[in-house]
Amino acid sequence: TIKVTYVANNTAANTTLARCSGTAVGFTPVSTVTGSQFTWTIKSIGPNITGANASAIFGPGPINDVLVNTGTAIETVVYEISAKSAGGCVGTPFTLTVTVYPPITGNVISANQTICANQTPAALGQDASSTLSGGNLTTYIYAWEQKVGAGPSWTTISGATSADYQPGALTTTTMYRRTVWSPNAQSCVNV
């Protein structure tokens with residue numbers, strides 16, 4: 001008697017993901033055979049990446065390595081993933097390439113100002129002594145918030161989505177902060 005078992009193959013082709021430093025890969029491979037296990041090895045890894053397990057065997061579920069990019073450049077981790085059926089047949093491997101963006105740094109806005117009541121402060125923007133970097137290194141999305149007086153909560157300023165913000169005339173001490181995101185870099189944010 002010859003017993004034939006099915007070869008488990010991944011249902012995904014080679015895949016590329018983008019993640020911000022400090023976030024989980026969060027990729028779940030799926031096999032053509034129910035109940036398959038998966039193995040992976042790392043084919044290549046950027047010199048400033050930590051948190052990647054060199055190899056693993058796991059059941060159904062996501063790859064949750066939390067990848068940290070300690071450098072200032074965009075780096076990658078390439079996983080080679082194979083499915084293995086309950087009968088022991090290993091399928092064709094495929095690659096998962098994870099682009100890991102460095103954390104956003106340098107989100108420092110202009111210095112404090114003192115003005116008289118009903119005056120307009122100078123525009124707020126990037127402090128000249130600091131350079132915004134990280135994320136995808138080219139494009140940033142902005143949002144401004146304010147806290148009026150001694151209030152406990154911050155409120156989003158509608159329409160304030162530029163790197164700079166010009167407040168109107170003020171009658172009460174007001175604090176401002178800017179949040180910066182980087183597109184295509186999951187969770188790359190700095191407040």
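The protein chain has a radius of gyration of 24 Å, whereas a compact globule of 191 residues would have one near 16 Å; the radius is taken over C-alpha atoms, and the globule rule is 2.2 Å times the number of residues to the power 0.38. This is a predicted model, in which local features need pLDDT of at least 70 and side-chain atom pairs count only at pLDDT 80 or more, while totals for chains, interfaces and linings use all residues. Residues are numbered from 1 along each chain as its sequence is written, and side-chain values use heavy atoms, with hydrogens and water left out.

**Overall form**

- Along its principal axes, the C-alpha trace of the protein chain spans about 95 × 30 × 20 Å.
- The protein chain contains zero helices and 12 strands; helices (H or I, at least four residues) and strands (E, at least two) are DSSP runs, numbered from the N terminus.
- Of the contacts in the protein chain with a separation of 6 or more, 63% are between residues 24 or more positions apart, where contact means heavy atoms within 4.5 Å.

**Burial and nonpolar cores**

- Of the 191 residues, 39% count as buried; buried means under 20% relative accessible area, exposed over 50%, and partly exposed in between (1.4 Å probe, protein chains only).
- In soluble globular proteins, nonpolar side chains tend to be buried together.
- The largest nonpolar core has 17 residues, and those with the most contacts inside it are V25, F27, I63, L67, Y79, I81 and L96; such a core is a set of buried Ala, Val, Leu, Ile, Met, Phe, Trp, Tyr and Cys residues joined through side-chain atoms within 4.5 Å.
- Strands β3, β7 (75–84) and β8 each give two or more residues to this core.
- A second, separate core of eight residues includes Y101, I104, Y140 and Y142.

**Aromatic pairs**

- The structure holds four aromatic pairs; rings of Phe, Tyr and Trp (its six-membered ring) pair if their centres lie within 6.5 Å, with planes under 30 degrees apart counted as stacked, over 60 as edge-to-face and the rest as tilted.
- F27 and F94 form a tilted pair, 6.2 Å centre to centre with 55° between the planes.
- F27 lies in the loop between β2 (23–24) and β3 (37–45) and F94 in strand β8 (residues 94–101), so this pair ties together parts that are 67 residues apart in sequence.
- F27 counts as buried at 11% relative accessibility, as does F94 at 4%.
- The ring centres of Y165 and Y176 are 5.8 Å apart with planes at 45°, so this pair is tilted.
- Y165 is in the loop between β10 (155–156) and β11 (174–181), and Y176 is in strand β11, 11 residues apart.

**Buried polar residues**

- E145, in strand β9 (residues 141–148), is buried with a relative accessible area of 15%.
- The side chain of E145 makes a polar contact with the side chain of R177 (2.7 Å); a polar contact is a pair of N or O atoms within 3.5 Å, where within protein one must be able to donate a hydrogen and the other to accept it, and residues adjacent in sequence count only if both atoms are side-chain atoms.
- S21, in the loop between β1 (15–20) and β2, counts as buried at 16% relative accessibility.
- The side chain of S21 reaches the backbone nitrogen of N69 at 2.8 Å.
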